[in-house]
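Colleague: Please put the model on screen, and then I will ask about its fold and a few of its residues.

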Amino acid sequence: LNPVSKLEKKYSAHFDKSSNTKKETLTVGIPNALFMKEYSALFQDFFERLGVNTVIENNTAIKMAQGKEIAYSEFCAPLLLTHGLIKSLMDKQVDYIFFPTIINEQSYLDKKSSEENFLAKERDSYFCYYSAYAPTLVDNLLTLDLGKKMISPKIKFNNRPLKTVAEEIAASLTSIISKSKDETIQAFLCAHEADQKNKSAW
């Protein structure tokens, strides 16, 4: 059983995306866990704008159990679940798994015009370091061979120009999609704008 609360159903109805864009032949899987619970809707919309098929992998008790089985470590429940979600995506034979290393998000308490020097920082909106390491951990499992399917750009949102973030994401995708770098950047900027509007409405 996979009970879904009324709040989760409302969230899904608000953020889940579909597109009439002509599709590429490849499919990208996105594990909906850790920080991707916050960002999966953004990246699903981003890939849809590029014409790429997406599979958002959500949690079930079975996937949690599978994650425990392949992790061989005493991680927290969300990280174990992430292992299980990626295994499930591999079982579905997606072409790639998009699981970025998101270091931080934009702080609305200490927003600056540019990213400050590390030693000068008084605070930052960092994610848990286990979450940041999660893509590397899963990609190096002895119990699950991902081959070359993991796409994991390093993303820092806090006090950085959004176009710079978009350029870094686009650079990680040049070898797998047919769109130009400029088209990929624009797709991310548009998806991010739409995501921010959805969150404001939410």
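The questions below go from the sheet to the helices and then to single residues.

Modeller: This is a predicted model, in which local features need pLDDT of at least 70 and side-chain atom pairs count only at pLDDT 80 or more, while totals for chains, interfaces and linings use all residues. Residues are numbered from 1 along each chain as its sequence is written, and side-chain values use heavy atoms, with hydrogens and water left out.

Colleague: Which strands stand at the edges of the open sheet of four strands?

Modeller: Strands are DSSP runs of E of at least two residues, helices are runs of H or I of at least four, and both are numbered from the N terminus. Two strands pair if DSSP finds at least two bridges between them. The sheet is parallel, with the order β2-β1-β3-β5. Each edge strand has a single partner, so one side of it is left without a neighbour in the sheet; these strands are β2 (53-57) and β5 (150-151).

Colleague: What is the bridge partner of Phe98 in β5?

Modeller: Strand β3 covers residues 96-98 and pairs with β5 in the parallel sense, over two bridges. In β5, the partner of Phe98 is Ile151.

Colleague: Which helix does the chain pass through in crossing from β1 to β2?

Modeller: β1 and β2 run parallel and are joined by five bridges. The crossover between them is a right-handed β-α-β unit; right-handed means that, with the strands pointing away from the viewer, the path from the first strand over the helix to the second runs clockwise. The helix on this path, residues 36-49, is α2.

Colleague: Is Ile30 buried or exposed?

Modeller: Ile30 lies in strand β1 and stands opposite Ile56 in β2. Leaving aside neighbours within four places in sequence, the contacts of Ile30 (heavy atoms within 4.5 Å) include Phe43, Phe47, Val55, Leu89 and Phe98. Buried means under 20% relative accessible area, exposed over 50% and partly exposed in between, with a 1.4 Å probe and protein chains only. At a relative accessible area of 0%, Ile30 is buried.

Colleague: At what angle do α4 and α5 pack?

Modeller: Helix α4 (residues 77-91) lies across β1, β2, β3 and β5, and α5 covers residues 129-139. Leu79, His83 and Ile86 of α4 make the contact with Tyr130, Ala134, Leu137 and Val138 of α5. Axes are lines fitted to C-alpha atoms, for helices over the stretch in contact, and angles run from 0 to 180 degrees between N-to-C directions. The axes are 11 Å apart, and the angle is about 35°.

Colleague: How many disulfides are there?

Modeller: A disulfide is a pair of cysteine sulfur atoms within 2.5 Å. The sulfur of Cys76 is 6.2 Å from the closest cysteine sulfur, that of Cys128, so it is too far for a bond. Cys76 is also partly exposed, at 40% relative accessible area. By this rule the count of disulfides is zero.

Colleague: Where is Asn159, and is this residue buried or exposed?

Modeller: Most residues other than glycine have a negative phi. Asn159 has a positive one, near 55°. Asn159 lies in the loop between β6 (154-156) and α6 (162-173). With a relative accessible area of 3%, Asn159 is buried.

Colleague: What is the phi of Gln93?

Modeller: Gln93 is placed in the loop between α4 and β3. At 65% relative accessibility, Gln93 is exposed. Gln93 is not a glycine, yet its phi is positive, at about 60°.
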